[in-house]
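Subject: Structure handover

Hi,

Here is the structure we talked about. Please open it and keep it beside this note.

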Amino acid sequence: SQLLVLASGLALPAAAQIPAHALLRPGDVLPNGLVFERPVDMGVSDLGVWSALVEDPSGMRCVVRNGGVILSEGDVLATGATLTELIDIDVSPAGVLAIAIEFDQGGTIGASVLVEGLPLVNLGANVAGPGVPAGAELQTINEVAIAQPHVLVRGRIEWPAGSSAALVRFAFGQGNTAGDVLVLEGETTPVLGTYGSLPNGRSAIDVLPDGRALTPITIRNPGDTRDGFWFDGDVVQFDGGALPVGVGIWASSPNADAFVGQGGEVVLSGHRTTATGAPRPRAVYVDGDLYLEEGDILGARPFQPAGTAFTIDRTGRPVWAHDGGLAAGVYVDQEPVSTASDGLVDGSGVQFVRTLGFTASASGRFVLFGGDETLATPETLLCIVETDLGVPFNACPAVPNSTGSVGTLTATGSSWVGGGPGKRGTGGRAPRKEGRERGAGDPGGQ
C-alpha cells in the first residue's frame, strides 16, 4: 500500500536497533514484599520516570514508580481508611501520576482519584451536561486518564430517579470542580442511534491538555448494537462504518483500537471487510489517511499484527508497537527500534503483547511496554526502551534489575528496579468489580 509519511528526517535508520530493558520479571520481589507477576497499566514521563500498576500471583496490586512502591492494596490512608482496591493509573505528559482507588472508611466504601497523592475527584462530586438530570453526582469510578488541568473518569453517574454510564471530565485550577459529562449512556446521537455502554475494552480512555477526550463506545439501535470510538464530540468510527480510504467497511471486531496523538491526531487500528463480510487486511489509519496495512514491509519484515498500540509524539512522529509476526516490536515511524526477532531485550527475545500494555512519553523518547519472553516457558515482563540514545540529558547510573545485567543505555534518566529473584506466591483472588459504588467521605492525601 501507499504509506503515509507523517514526519520526515526524524525516524531512526533501520540499523539503529536499540536494546530494550526488563524493569520487572516474574519472581522479582518488590520493596513491600509482593512478588511481581504481571503489569496491569503503566505510564512514563519525558524524563524517563516510569510508573506501573502491577499484580502479584494472588492478584494483589501495588503501584511502582521507578522501582519504589508508593501505594499498595491494604495500606492504611491518612484518614484511617483502608485501601481496598487499586483500580487504574495514568501518567500525564508532564509526568503527573493519577491513581484511581477504592477504600473502606469504617465500613463505608468510597472511591477517589488521587493526583500525586491528593484526592481531586471523589464519589459524590457534582456533574452536569446536556441531557443530564439536575442533581447528578459521580457514582462509580472505573478508569482514569490525566493531562493537566484535566482528569477524565469513566464510570457511572446517579441522580434521584436513576443512573447511567458516563464519561466525565474534571478541570482543576479553573474555579470549577464540577464534572462535565461528555458522553452519557442513553443519549441519542445526531445520526447513528443511542449511545450504549462505555466498554472497558482493549482501548483506554484518553484526554489531551486542551480537554479533548477519546473513549470506546457502543451504539444501540433496535435489534442492533455496534462498537465504535468517540472523540471530541463525534463518533470517529464504528462497526460497519465506511472507511475514509480504500474499498470496504470498518470492522471493529476483533481487536480494534483507537488512540489519540499529542496533537489530537486520531489513530484507528482494525480490520476492513467487504459489504458481504469477506475479510480484508488489518489496517491503521491516521486522521483518515492509510498509514499501514497488513503485508507492508517494515525493516525487511511483513506487518502482520495481532494487535497494535499507537501514539504520535509532540513532534508528529508515530511511536508505536504491534504483536504478531516477525516484525513484532517497537517502532518510530516505520523504522524498527526494538523487535523480538532481534533478541534485543537484555539479550533475549521478548514478544510485545498488546494486551499487556504500551505507553510512550509525550516526546516519544521513552516507551514502556509489557511482553512475553520468547522462551519455552513464556514469562510476562515490564520493559522499557529509549528511542533517542544519542541525546544525553541528566544522565544517571543504571541500577541492575534481578537479571544482574546493567542496561547498556548511553543516556538515560530512568533507574531500573533493584532487588533479587523471589519465591512465587500462591492463592487466588475474587474477580474485580466493574464499578465502585458510591460511599461517604474521601480517603485524604498520602
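Below are notes on its aromatic rings and its nonpolar cores.

This is a predicted model: local features need pLDDT of at least 70, side-chain atom pairs count only at pLDDT 80 or more, and totals for chains, interfaces and linings use all residues. Numbering starts from 1 along each chain as its sequence is written, and side-chain values use heavy atoms, without hydrogens and water.

Aromatic rings: the structure has four aromatic pairs. Rings of Phe, Tyr and Trp (its six-membered ring) pair if their centres lie within 6.5 Å; planes under 30 degrees apart count as stacked, over 60 as edge-to-face, the rest as tilted. Phe-303 and Trp-320 have ring centres 5.8 Å apart and planes at 90 degrees, so they are edge-to-face. Phe-310 and Trp-320 are stacked, at 5.7 Å centre to centre and 10 degrees between the planes. Tyr-291, Phe-303, Phe-310, Trp-320 and Tyr-331 form one aromatic cluster.

Burial: buried means under 20% relative accessible area, exposed over 50%, partly exposed in between (1.4 Å probe, protein chains only). Phe-310 is buried at 4%. Trp-320 is buried at 0%.

Cores: a nonpolar core is a set of buried Ala, Val, Leu, Ile, Met, Phe, Trp, Tyr and Cys residues joined through side-chain atoms within 4.5 Å. The largest has 28 residues, and Phe-310, Trp-320, Val-367 and Phe-369 have the most contacts inside it. A second, separate core of 27 residues includes Ala-100, Val-121, Ala-125 and Ile-141.

Best wishes
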